[in-house]
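Here's a quick tour for anyone opening this one up for the first time. Take a look at the picture, then read on.

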Amino acid sequence: MYRLLHRLKQSNLVPRPKHPDSDPDTQAAFIKKSADPTGGRAARPSLVSRATMVSG
């Protein structure tokens, strides 16, 4: 089947499925509430601050 679609320059891509009970308003509120400016990662110290930590 893949070869036929490839020959016809077609794709079997489909939209991402959504759960029937999902609530977009609740999801948006969760995203706003859990927004983290670092993206969930600890901020990396700059090279300047590293140099002062090592020498000081």
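## A loop residue to start with

Lys9 counts as exposed because its relative accessibility is 74%; exposed means over 50%, buried means under 20%, and partly exposed is in between (1.4 Å probe, protein chains only). You'll find Lys9 in the loop between H1 and H2. Its phi is near 60 degrees, a positive value in a residue other than glycine. Most residues other than glycine have a negative phi.

## What kind of model this is

This is a predicted model, where local features need pLDDT of at least 70, side-chain atom pairs count only at pLDDT 80 or more, and totals for chains, interfaces and linings use all residues. Residues are numbered from 1 along each chain as its sequence is written, and side-chain values use heavy atoms, with hydrogens and water left out.

The chain has a mean pLDDT (the predictor's confidence in each residue, from 0 to 100) of 76, with 62% of residues at 70 or more.

## The overall layout

The chain has three helices and zero strands; these are DSSP runs numbered from the N terminus, with helices (H or I) of at least four residues and strands (E) of at least two. Of its 56 residues, 0% count as buried.

## Leu4

Leu4 sits in helix H1 (residues 2–7). With 39% relative accessibility, Leu4 counts as partly exposed.
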